[in-house]
2 protein chains.
Amino acid sequence: MTIERLAADVAALGPLDPVAMARGQARLDRLTKPPGSLGRLEEVAVTLAGITGRADATVARKAVIVAAADHGVAARGVSAYPPEVTAQMVVNFLSGGAAICVLAARVGASLTVIDVGVAGDIPNVVDATGRGGELVRARVRSGTADMTVGPAMTLAEAESAIDAGARVAARIMERGVDVVAIGEMGIGNTTAASALTAALTGTPPGSVTGRGTGLDDAGLARKVAAVEAALAINGFGVGDAAHRPVDPRAALAAVGGLEIAALVGVVLAAVAARVPVVVDGFIAGVAVLVAERLAPGVATRCIAAHRSVEPGHAVVLGALGLAPLLDLDLRLGEGSGAALAFDLLDAAVAIRVRMASFDAAGVSGPA
Amino acid sequence: MTIERLAADVAALGPLDPVAMARGQARLDRLTKPPGSLGRLEEVAVTLAGITGRADATVARKAVIVAAADHGVAARGVSAYPPEVTAQMVVNFLSGGAAICVLAARVGASLTVIDVGVAGDIPNVVDATGRGGELVRARVRSGTADMTVGPAMTLAEAESAIDAGARVAARIMERGVDVVAIGEMGIGNTTAASALTAALTGTPPGSVTGRGTGLDDAGLARKVAAVEAALAINGFGVGDAAHRPVDPRAALAAVGGLEIAALVGVVLAAVAARVPVVVDGFIAGVAVLVAERLAPGVATRCIAAHRSVEPGHAVVLGALGLAPLLDLDLRLGEGSGAALAFDLLDAAVAIRVRMASFDAAGVSGPA
């Protein structure tokens, strides 16, 4: 399952299916409500039709895929939390105690966690809650190198991580799934996401770097400096004058992360299979941006769950042309916002399937 | 259950319970996530604690109350739909085909429809879907009079409608309910809501009047003219110079609606009983504004579900000091946006109840 093959599959899809979308919209317009009055809920229903090619697309079978990895740059004091929290939180995902476990369970979504590059050991876990995720062990390396002194990883490692994500997505889709949400865990990964956003869009580091899990002013200054150093040493110019188009794979390897790469693979595989992807926050969004650069058209088959507090997220959403469904000041990651957006997809499908038409209900149309 | 009695009960509540809120926040801060990282979800959990006085407040038992009535001003061509649609849609609510039936059912909320002033007959309905609402027949009069030529109703009629709403809310709360959502149906009622917003806030009619269910430009011009005429003939000045504080009950009677009045009663009764109220769109919001003017403090015990497309809604939310949870370009009413917001309340409570603490999960805190 090479990246080129997936990109070719995405290219072969072409634009969203206009026939399915028109049929979906026509169905919505027959229902007992003023046309368009359910706003973005109707837009979601029509987009699902366009992505899947089915006017009767459903979202009954939901999967959340969370990729986890560590970051060498965490040694630079760019996070409020110590690096061992990545492995600890993976264990928490498996034992059902994390936010994403709770939020995935309440919408009936499966939860799969990919260890694609955690630094610490992940023991086998007994889940007493019934909400714990399944673990896929696919470690490419134990955390990236410090990107402020050289590339975070090699091109081959980035490609292996993409491949790992694509394989996991393929396996989950084989079981049967209607929609996939992507999330992540990795202490230091908003720093990587900021650097990657700057490298891919040319936006200055100061505009795409935020407080992550809760940095104070000194921490934020260290983080911006780390992003600047990573971009400089890896040869990426930012700002109007210095920015040149960059190879997305090279940028991903140099200043990205293993979990971001794995999510690129998940996105490519899901999109290629016409499965809608619900995108969580900043880091998941950056993965979609890389995927879009590798396979143009990917973003049209993704649904942005929410706009996070991270300033870089708005830049990413703008570059993708995606309008988020929710705006709840979230900054947790893990796919938590995507799991919340699943409710809106469910509601959109319920409206399309269960509402009565004007004819059936004997309700008059416009005067 | 007089209005004065309910207002006194609301006044006796005082501010949101600071102890319950602090305990709720402390619980959230022990969970395995950066403090505050679930943004408005955490705010919702803490607000529920403050309203109910219980740090362990739940929202398991949900009720949607929809008030329906007709409007004499509908004869002025201010709606895209004919007046008979009000009664037809009430039948649709009872037979399970309307959007609110679908959206209430998917979150397990009960649905109660109050006919407080529909003009046409409402037959008894057989519901084959299991999603139909229960009907409360509490008609004060068969639609209001045309407010462009005089008061929409008498003060006594407005008070009877408030009382009807309060009685229905009390009956539903007796069954046991954790949270109430309010919605409405009434052809012409955005015109009344615009006039009431202008009268209560002094905002010019052109700034608070929108296209409702889908007016074209000529229809919108007619609607603005109708609002202006209603305000003028009923003695309400608008704009900075002409606006004087108005009696909320007098404004409700003169340019309001029977369903708006009934929702005022629902809000007062629920708030007085420490039951959180989830407010749907523009018309439901105006009802809260009237209730707030009758019983200051009401708005602090309400949760704004969403911001609708109607321009007057933002004015109402601003006057109430409420930040909406959702912004989905909705303009349907019926309580549809409030039913969608129930998911976020559910998620907030699930997080508080089910997530693991740092201690229990063995996850490190900030470095």
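Buried means under 20% relative accessible area. All views below show a predicted model.

Figure 1. Glu334(B) sits in the loop that joins helix 14 (311–320) to helix 15 (336–354) of chain B.

**Figure 2. Arg274(B), a partly exposed residue following helix 12 of chain B.** Arg274(B) belongs to the loop between helix 12 and strand 5 (277–279) of chain B. Its phi is near 60°, again a positive value in a residue other than glycine. The relative accessibility of Arg274(B) is 35%, so this residue counts as partly exposed.

**Figure 3. Helix 12 of chain B, a mostly covered helix.** The helix runs over residues 258–272 and has 15 residues. From its first C-alpha to its last it reaches 21 Å, close to the 21 Å expected at 1.5 Å a residue. Of its 15 residues, 15 are buried. Arg274(B), with its positive phi, follows the helix.

**Figure 4. Helix 6 of chain B and its buried residues.** Helix 6 of chain B covers residues 155–175. Its 21 residues should span 30 Å at 1.5 Å a residue, and its end C-alpha atoms are 31 Å apart, so the two values agree. The buried residues include the alanines Ala158(B), Ala161(B), Ala164(B), Ala166(B) and Ala169(B). Also buried are Ile162(B), Gly165(B), Val168(B), Ile172(B) and Met173(B). An α-helix has 3.6 residues a turn, so residues three or four places apart point the same way. Gly176(B) follows helix 6 of chain B and has a positive phi, near 105°.

**Figure 5. Packing of helix 6 against helix 11 in chain A.** Helix 6 (residues 155–175) and helix 11 (residues 258–272) of chain A pack at an angle of about 45°, and their axes are 6 Å apart. The two helices are therefore oblique to each other. Their crossing is right-handed. On the side of helix 6 of chain A, the contact is made by Glu157(A), Ala158(A), Ala161(A), Ile162(A), Gly165(A), Ala166(A), Ala169(A) and Met173(A). The residues they meet in helix 11 of chain A include Leu258(A), Ala261(A), Ala262(A), Val264(A), Gly265(A) and Leu268(A). The contact residues of these helices divide into 14 nonpolar, 2 polar and 1 charged.

**Figure 6. Packing of helix 10 against helix 12 in chain A.** Helix 10 (residues 248–255) and helix 12 (residues 282–294) of chain A pack at an angle of about 150°, with 9 Å between their axes. These helices are therefore roughly antiparallel to each other. Pro248(A), Arg249(A) and Leu252(A) of helix 10 of chain A make the contact with Val290(A), Arg293(A) and Leu294(A) of helix 12 of chain A. The residues of this contact comprise 4 nonpolar, no polar and 2 charged.

**Figure 7. Surroundings of Ser364(A).** Ser364(A) is located in the segment after helix 15 (358–361) of chain A. Apart from neighbours within four places in sequence, Ser364(A) is in contact with Phe358(A) and with Tyr81(B), Pro82(B), Glu84(B), Val85(B) and Gln88(B) of chain B. The C-alpha atoms of Ser364(A) and Ile3(A) are separated by 53 Å, and the two residues are 361 residues apart along the chain.

Methods. Residues are numbered from 1 along each chain as its sequence is written. Chains are lettered from A and ligands numbered from 1 in the order in which they are written. This is a predicted model: local features need pLDDT of at least 70, side-chain atom pairs count only at pLDDT 80 or more; totals for chains, interfaces and linings use all residues. Side-chain values use heavy atoms; hydrogens and water are left out. Axes are lines fitted to C-alpha atoms, for helices over the stretch in contact, and angles run from 0 to 180 degrees between N-to-C directions. Helices (H or I, at least four residues) and strands (E, at least two) are DSSP runs, numbered from the N terminus. Angles under 35 degrees count as roughly parallel, over 145 as roughly antiparallel, 65 to 115 as roughly perpendicular and the rest as oblique. A crossing is left-handed if the near helix is turned anticlockwise from the far one by less than a right angle, and right-handed if clockwise. Contact means heavy atoms within 4.5 Å. Ala, Val, Leu, Ile, Met, Phe, Trp, Tyr, Cys and Pro count as nonpolar, Asp, Glu, Lys and Arg as charged, and the others, Gly among them, as polar. The expected span of a helix is 1.5 Å times one less than its number of residues. Buried means under 20% relative accessible area, exposed over 50%, partly exposed in between (1.4 Å probe, protein chains only).
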